[in-house]
Amino acid sequence: MFNPRFLVVSIGNPLPKYDSLHSAGHFALNGLSKVLRYPAFHEVTLGKQKCLVSQGSKYILVQSPTLMNVSGGFVARVWQDIVKGHEASSLSLVIVHDELEKDFGVVRLTAWDRSHKGHNGIKSIKGSLSQGKYPESPFARIAIGIGRPAERDAATVSKYVLDRIADDKRRVLEEEVPWKVAEQLIELENEWRSEIQP
């Protein structure tokens, strides 16, 4: 019987020190544990680093403790740790991250092999972990729209994603977006089931 498990890793700059739109994935994962009625996040060692984890029967939720742009090594090590204890054919990796190209609050399941579009966190992960080594395991991304400023120069965009997040936006990311993330996880599972059980 097919019993899928999902390693769901949010990337961003660590909370609460970096309280910004760039950490939208972390805010959403905080809320997702509540939507799933999972235990509160607690600190454990995974991938040779202390990180926040909330685990249940289907999902292992992990907040990357590294800065966004160097999250690849951590994600690769956590995947290798988890895959040792599970059949690769029943384990999926999902990265939850911010997305400038989508309107604020929009949540989309994104193909793993889609371009990183300059997202350094995704670039770092793809440089550290090859899906080709795990052909039986679906890898996917869930992109959380954070919108983008009218001006497109690097300094303005950087300030936009790294400035302290407004309380109303944080509320949306922690209370509304997690329900959409849960829907995308169900969609991913349904796609996976249809591929192996035609």
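Colleague: Over how many bridges do β1 and strand β4 (residues 59-63) pair?

Modeller: This is a predicted model, where local features need pLDDT of at least 70, side-chain atom pairs count only at pLDDT 80 or more, and totals for chains, interfaces and linings use all residues. Residues are numbered from 1 along each chain as its sequence is written, and side-chain values use heavy atoms, without hydrogens and water. Strands are DSSP E runs of at least two residues, helices H or I runs of at least four, numbered from the N terminus, and strands pair if DSSP finds at least two bridges between them. β1 and β4 pair in the parallel sense, and the bridges number five.

Colleague: Which residue of β4 stands opposite Val 8?

Modeller: Val 8 belongs to the face of β1 that also holds Phe 6 and Ser 10. Its place in β4 is taken up opposite by Leu 61.

Colleague: And on the β5 side, what is the bridge partner of Leu 7?

Modeller: β1 also joins strand β5 (residues 91-99), running parallel, through six bridges. In β5, Leu 7 has as its bridge partner Leu 93.

Colleague: How many residues of β1 are buried?

Modeller: Buried means under 20% relative accessible area; exposed is over 50%, and partly exposed is in between (1.4 Å probe, protein chains only). Side chains in a regular strand alternate between the two faces of the sheet. Here one side has Arg 5, Leu 7 and Val 9, the other Phe 6, Val 8 and Ser 10, and both are covered. For β1 (residues 5-10) the count is six of six.

Colleague: What is the strand order in the sheet?

Modeller: The sheet is open and its pairing is mixed. Seven strands make it up, in the order β2-β3-β4-β1-β5-β7-β6.

Colleague: What angle does α1 make with β4, and what angle does α5 make with β6?

Modeller: α1 packs on the sheet and touches β1, β3 (49-55), β4, β5 and β7, where contact means heavy atoms within 4.5 Å. Its direction makes about 140 degrees with that of β4. Helix α5 (residues 167-196) also packs on the sheet, touching β1, β4, β5, β6 and β7. Between the directions of α5 and β6 the angle is about 35 degrees.

Colleague: How far apart are the C-alpha atoms of Tyr 160 and Ser 20?

Modeller: Tyr 160 lies in helix α4 (residues 154-162) and is partly exposed, because its relative accessibility is 21%. Beyond its neighbours within four places in sequence, Tyr 160 contacts several residues, including Leu 21, Leu 100 and Lys 169. Tyr 160 and Ser 20 are 140 residues apart along the chain, but their C-alpha atoms are separated by 8.6 Å.

Colleague: Which residues does Asp 103 contact, leaving aside its neighbours within four places in sequence?

Modeller: Asp 103 is found in the loop between β5 and β6. At 58% relative accessible area, Asp 103 is exposed. Its contacts are Gly 145, Ile 146 and Gly 147.

Colleague: Where is the cis peptide bond?

Modeller: Most peptide bonds are trans. Pro 16 is found in the loop between β1 and α1. With omega near 0 degrees, the cis bond runs from Leu 15 to Pro 16.

Colleague: What is phi of Arg 37, and what is phi of Lys 48?

Modeller: Most residues other than glycine have a negative phi. Arg 37, in the loop between α1 and β2, is exposed at 78% relative accessibility, and its phi is positive, near 60 degrees. Lys 48 lies in the loop between β2 and β3 and is exposed at 74%. Phi of Lys 48 is also positive, near 65 degrees.

Definitions and conventions: Axes are lines fitted to C-alpha atoms, for helices over the stretch in contact, and angles run from 0 to 180 degrees between N-to-C directions.
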